Amino acid sequence: MPSFDIQAFLDQFLYDPKYPLLFNNGFFVFFFALFIGLYYRFRNHFKLRQYIFCFFSLYFFYKASGVFVVFVILSAIVDYVLSNAIFRQQDRRKKKLLLICSIVFNLGLLFYFKYTNFFIDTINNLFSAGFNPLNILLPVGISFYTFENLSYTIDVYRGHFEPARRFSDYLLFLSFFPKLVMGPIVRAHDFVPQINKPYIITENDFAKGFYLIFSGLFKKLIISDYITLNYVNYIFDDPSRYTGLENLFAVYGYAVIIYCDFSGYSDTAIGIAKWLGFSIPINFKSPYQGKNITVFWRRWHISLSSWLRDYLYIPLGGNKKGSFGTWFFSAVFFGGLFFAFIKRFHLSLFISLCITAATLVLFMLPAIIKKEKGGITTNLNLLTTMLLGGLWHGASWNFIIWGVLHGMALAIHKIWMLLTGKAFEKANTNWFYTAIAVLITFHFVCFCWVFFKCTTLEDASNMLYQITYNFSFSVWGAFFDNYWPVLAMIVVAFMLHAIPDDYADKLIDRFKKVPMPVYIALFFVFVVVYGYFKSSEPVMPIYLQF
Amino acid sequence: MNSNRRVLQFVAGSFSFYLLISIAGTLLGFQWIPFKRVNLISDVMTGDSSHQIMDKPDSNLLIIEDLPDKNFELYKKGRIITSFSSDTSLPSLNNFLQKLAELKTGKKRKIRIAYFGDSMIEGDLLTQTVRKLLQQTFGGSGVGFVPITSQVSKFRQSVIHNYSGGWQDENFNNGKTGRLYFSGHLFRSNGNWVQMIDQTITDSAAIIEKSLICGNGGSVSITVNEYPVSINAPGMLNRIPLVNDMFRGIKLSVANENLPVYGISFESAFGIFVDNFSFRGITGIEFARIDSAFMRAIAANNPYDLIVFQYGVNLLFRPNNRNFNWYGKAMLPVVRKIKNCFDKTDFLIVSTADRAFRYGGEYKSAVGIDSLIKIQATVAYETGSAFYNQFASMGGTNSIVDWAKRTPSLAGRDYVHPNHRGAEVLGAYLYEAIINEYKKYIRTRK
């Protein structure tokens, strides 16, 4: 007979590094039920409601990352104090100094945890120095909340809005638990004003929230996890052991995974926020439907790309002028490119110089075509933004390469538009042209994912080598027989992705008020489907080369 | 109208219902797996009444003769090569160790190791580490035998290997001939080329002999480094030196389908060499197909001083397999047959490494792994071979899960294959175990 284990019960309340709190833990169900109960009970006591919210958010943080919760509190205190000081300060120079303090503090925190070992490694490689890497763990969500802090103090500095009056307002903005692990990156001027409003949601908000939460969880917990565990992990661990066919499908699979993971988490966060009376802008809009790379970036991780636009691209000079940052990072990039060709690809000095110069000319082309000097800095600013944006995703050369590839693609797309803009005006509406453009864009994005996902540059080049030279069409039969459940899941994901963006809204509008038992029944269907996939027999790898 | 009440209704309604059926499911022992996995209270309950249905391990294992000075149970120990001698101060692999001692004391001789395995040693994993460490200690340069083509040639780091696409490949999977080499392949060609560059040589002054390993083709003309060369291959198995110089690479073209070609061997004039014979997906039983006469020809013309078998992971292809008696029965005659043909050679059987399956959502060591290792040890015991427990050496139960989770990881997330870092660890452990026996040998000789 099963019996209640009191020790296991008590342990549930403590942080367990092996099982950090996520939306799919059993613990989260209890956590969320209790939270909603209290939030609803005290919905009209704004202060108390806010304290409850802060407490639950910080506790969620603690259950997800242990003692690192202190960094959220610490950075909330620092930025709260600094932002108020910036706001009150009349002297422009002192104002600027305070802003610099905030930037140094936030970036310092991020750099220490995220990039220390990367720099130690780089220095060791460059100068054959023997520095030991440090044992640093990355606190959950730090990349997200440091960016939120930065946008907040910069906005206050720019005079865009008044800083939060109460510390708890700011703390809640920063620690708001639904967006903790993977965003979206919320802006304070959108969020803070919503904190002290009456708790009012419409029937449409409830239905939309339900849809976002459960479609998000479906994408993340069912589609993404299934493809990751049963296929993609195998291939990316050792690409050269597998045929090109398997590698190519692993890349397609990964394109699904990264989209479902990221957008699934964002959707769930936005849905939960909706249920609590907060509106957060959508973060992904079917990005793989984009018919060029510029459109892709308008639809992919919107909160990040708009952040990079407002706080990196525009300060660098945007599409108007260059700045120290523009020239510094461009010099680093072109220097790095030159040396990479010599050191890494063993090309001669002359050829390396030629390729580097050709790349530079590429970035200057739009300016040459339009006969405008400003165009050069626009492209270099774009490149710098994408390069640093790449680095934000993780501390390795592969992420930098990923960012640079996207930066170059954006520049090339600009040139393409300049050259063909008028000539292709008619074709742009043609479905065939659109389909080809979507396919090309998707495959370019997939090509970049190879660098994003592979742990080393060597793995990435092995993977591309296998796809190019070792494709082996002949293994398709065996491949399909073994992996058909995974392939089916990939197809399902693409079909979901192909649904037009406003389809869900139209559906919700049509149904008006759905009875509660239907919602509860849908929830249980989800739980059982989730349980089914969690306990399903794993698809084992096969080796198709014989 | 404010619908915030709907949120509360939904959460309270679905939560109470979910909790209710979780409690009911636990108390009533409700066994529907998809629901059991998402039971809300399973984390705080003990005494789970569930049980999985599995094969029962065989009760009548192969009979292990109880010999007076032998201790079978020694097979359980990791990181040690055992010949089951109760007196653990006595060395195993005596003939081999004697040759090592000769080499170490300056005798100019060759020692050759044939390392048989499956995908675990593919791409020269593990063997490249053993080779490097043994050559550092006992001398010798060269990567040893390399098959003409290989599907994992890009994966292999110890040789840069390119070849044209037209080589015909007869192998364990498609061939009928009894004259496959230990690599499991036989190649024929009508105008194809292969180029190999040995990447293992650290001594830039070393003279490396590049030899063709081929079957009976009589007198034929081939092209070596773009020059035509006439060779005579009269025996069932021939080792024909082609070039003897400081270059690490060789290019070979063959335009005669009558010449069975196996591979090229890179060896210095003396020292120790390790030939990697990996073949994906096999268990070792496949060697039963190779003719005894052909094996004797190998023993005569390209002799081996130590033969290592490392298989097992492909027997663990279903999570609940626990019965491997049949494997023992099939493997015993195979080892005996090879031993008969190589009567001067020492034999070492290396057990499977750890492999995990998902049991109830969590990766754990295959439940049958202990039974399999016992069978593999029995084969070693019954054929007078030495035994090395790879599973215990890498850390025993669930070690592959631990290896895959480490940063940087030591194994892939198929929970089967140690990666190149992991293979380096395993190779170093095996080398240390050999050195340990060598030290015992030196001690007992004094």
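Guide: Of the 446 residues in chain B, 45% are buried; a residue is buried if 20 or more other C-beta atoms lie within 10 Å of its own, exposed if 12 or fewer, and partly exposed in between, with C-beta atoms placed from the backbone. This is a predicted model, in which local features need pLDDT of at least 70 and side-chain atom pairs count only at pLDDT 80 or more, while totals for chains, interfaces and linings use all residues. Residues are numbered from 1 along each chain as its sequence is written, and chains are lettered from A and ligands numbered from 1 in the order in which they are written.

Visitor: What does the C-alpha trace of chain B span along its principal axes?

Guide: The trace spans about 95 × 65 × 40 Å. Chain B is divided into domain 1 (4-44), domain 2 (52-140 + 270-446) and domain 3 (145-269), with bounds from an automatic or database domain assignment. The centres of domain 1 and domain 2 of chain B, taken over C-alpha atoms, are 49 Å apart.

Visitor: How many helices and strands does chain B have?

Guide: Chain B has 10 helices and 20 strands. Helices (H or I, at least four residues) and strands (E, at least two) are DSSP runs, numbered from the N terminus.

Visitor: Which strands form the open sheet?

Guide: In chain B, 6 strands form it in the order E2-E20-E17-E16-E3-E15, with mixed pairing; two strands pair if DSSP finds at least two bridges between them. Strand E2 (81-82) and strand E15 (271-278) of chain B are the edge strands, each pairing on one side only. Strand E3 (residues 110-117) of chain B runs parallel to E15(B), and 8 bridges join them. B:Gly117 stands opposite B:Ser278 in E15(B).

Visitor: And which helix lies across E3?

Guide: Helix H3 (residues 94-104) of chain B lies across E3, E15, strand E16 (306-310) and strand E17 (346-350) of chain B, running at about 135° to E3(B). Helix H7 (residues 369-383) of chain B also packs on the sheet, where H7 touches E17 and strand E20 (386-388) of chain B. Angles run from 0 to 180 degrees between N-to-C directions, and axes are lines fitted to C-alpha atoms, for helices over the stretch in contact.

Visitor: Changing topic: how many residues of chain B are in contact with chain A?

Guide: There are 42 residues of chain B in contact with 47 residues of chain A; two residues are in contact if their C-beta atoms, placed from the backbone, lie within 7 Å. H1(B) gives the largest share of the side of chain B that touches chain A, 13 residues. That side divides into 16 nonpolar, 17 polar and 9 charged residues. Here Ala, Val, Leu, Ile, Met, Phe, Trp, Tyr, Cys and Pro count as nonpolar, Asp, Glu, Lys and Arg as charged, and the others, Gly among them, as polar.

Visitor: In chain A, at what angle do helices H13 and H14 pack?

Guide: Helix H13 (residues 324-343) and helix H14 (residues 349-370) of chain A pack at about 145°, with their axes 9 Å apart. Their contact has 9 nonpolar, 3 polar and no charged residues.

Visitor: Is A:Lys453 buried or exposed?

Guide: A:Lys453 counts as buried because it has 20 C-beta neighbours inside 10 Å. A:Lys453 lies in helix H17 (residues 431-453) of chain A. Leaving aside neighbours within four places in sequence, A:Lys453 is in contact with A:Phe236 and A:Tyr254.
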